[in-house]
Amino acid sequence: MTRSAMILDKAAGGPGGVPATAPAGAAGNRSRPGRKWPAKQMLAVAGILGFLLTWELIPRLGLVEARFLPPASDVLAALAVDLQLTAFWAAVAETLVAWFFGLAAAVALAVAAGFVVGSSQFLRRFTHSTVEFLRPIPSVALIPLAVLLFGVKIQSSLMLIIYASFWQIFIQVLYGVADVDNVAMQTARSYGLGTAARVRHVVFPTALPYLMTGVRLAASVALILAITAELIIGSPGLGREIALAQSGGAISGMYALILATGLIGVLINLVMRFIERKTLAWHSSIRSEVVV
Amino acid sequence: MRIIKGILYALALPTLLVLLWWASTLGTKSFFVPTPGTLVATFAETWLGDRMRTDVMPSILRLFVGVSAAIIIGIVAGLLIGSVKWLRALTEPVLEFFRAVPPPVLVPVLMLLMGISDAMKVVVIISGCIWPVLLNTIEGVRAIDGVLSDSAHTYGISGWARVRYLVLPSAGPQILAGVRQCLSIGLILMVISEMFASSSGLGFTIVQFQRSFAVPEMWSGIVILGLIGVAMSFIFQFTERRILRWYHGLREVENAA
């Protein structure tokens, strides 16, 4: 229980996580027998439809002027038009390229640094204060610096993305490497496994669930930063298109692009959950998955 | 002895880094990187005077109002949605979508709906920060231990007492995990809302420095944002330790076993 609680705890992205006394599975079958709710999927669809209907009605009834909040049907139509444009897909591609390379670089750096620092008690204590100081620095504070160094190129986005995602992953890897079971480690030693083999067969599997949690959290942070950089700095991508649509008065278009960023966000979440489930299929935490 | 050792550990690397920085800027006149001395002097000159009142304090106040409102609304709505099963199923996909929308894109939307004002910046912060708190509260309430819940039911604990003594404590760790995410998003949104649409505030001032190539001033702005981030993280950790003291104790016992 402790182990899986630890994992879930990190999955919650924070200090505490779920109470150790609450295995997530327990909550699933709490409904009393005899009371049948309609299938969950139907409610979910009803929720989405209800939301769209409310959105449609607010401007139609004049609660908010339609030139500020166009009805849902207009926005969806604008999105459908966007989906046929090459320019839209080019912007999506630019955003995703920045997202992917930023995230990949952050993962590589954080894993390397995390394994080195995490495996030595001395290095952990030595770097602790510096890490705790650098980590909470909001990455948007680096925007002016990025502009000064790189201008409106993709490097600006990459710098922000890497800085923000690095800490998410690094901290998780540190926890993960520190969590190695003593008995397992000593067993490996007495069987004469070398350093490389110990890292590969003992440390890596222990740290992997933490790493995956870190990568999943970092993936959404990286998207936020990619869009932010485009919106504020003006490096090419969806964020810049949104800023352009807004200043150009193409309001339905702006809402359509925002809808698109949300859909990309949902898609990234789903893909990350899928990858996590595949790589950790052997791990007990997957069976009592807590959605974060 | 142990305390001295701890202090040494905490100070060694920062001192080394500052020394390295000082040594590498010694003698050279780099345009991009100021020397430590220049930076400290600029920092005091730029931020400790009038700007503290006109730019820093209003920004921090907006951040505080926005984040507190987001936490309160998030927890209350989360308790409601989390404890009503059909409501949860109904709202889940929509909430998931809203959480996935990168919060900074809300800035242009709210600018359009509300104009450029303090209220708009606070609403930007609220509408970005609320999702981690809300979704974590829902999840925390959903995952209450069945045995505890049934016991409370058997003893006839219901209504406010149930929320106070059963729901809030067991969802607490997860709610606070949400609050932590909410704080860092709040700081980001405070800066962005000012960078995008403002004529005062920290974000605006820093961008202004960068545009006028006032490089040491720009660096000092980065430092002050960093300090605010660090201060928030300390306040959070302190509060979290107090609220969840029982929980950390429980975890220690469990881990020792």
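Axes here are lines fitted to C-alpha atoms, for helices over the stretch in contact, and angles run from 0 to 180 degrees between N-to-C directions. This is a predicted model, so to speak: local features need pLDDT of at least 70, side-chain atom pairs count only at pLDDT 80 or more, and totals for chains, interfaces and linings use all residues. Residues are numbered from 1 along each chain as its sequence is written, while chains are lettered from A and ligands numbered from 1 in the order in which they are written.

**View 1. H10(A) packs with H12(A).** Helix H10 (residues 195-232) of chain A and H12(A) sit with their axes 10 Å apart, at an angle of about 165°. That makes the pair roughly antiparallel (angles over 145 degrees get this label). The crossing is right-handed, i.e. the near helix is turned clockwise from the far one by less than a right angle. Helices are DSSP runs (H or I, at least four residues), numbered from the N terminus. On the H10(A) side, look for A:Arg216 and A:Ser220, among others; on the H12(A) side, the residues include A:Ile268 and A:Asn269. Contact here is C-beta atoms, placed from the backbone, within 7 Å. By type, the residues divide into 8 nonpolar, 5 polar and 2 charged (Ala, Val, Leu, Ile, Met, Phe, Trp, Tyr, Cys and Pro are nonpolar; Asp, Glu, Lys and Arg charged; the others, Gly among them, polar).

**View 2. A:Asn269 lies in helix H12 (residues 251-279) of chain A.** Leaving out residues up to four places away in sequence, A:Asn269 touches A:Ser220 and B:Ala100. With 19 other C-beta atoms within 10 Å, A:Asn269 is partly exposed (buried means 20 or more, exposed 12 or fewer, partly exposed in between).

**View 3. H9(B) is largely enclosed by the rest of the structure.** After H9(B) comes B:Phe213, with a positive phi near 55°.

**View 4. Chain B meets chain A.** Here 66 residues of chain B are in contact with 64 residues of chain A. H8(B) gives the largest share of the chain B side, 14 residues. That side divides into 44 nonpolar, 12 polar and 10 charged residues.

How values were computed. Contact = placed C-beta atoms within 7 Å. Helix = DSSP H or I, 4+ residues; strand = E, 2+ residues; numbered from the N terminus. Parallel < 35°, antiparallel > 145°, perpendicular 65-115°, else oblique.
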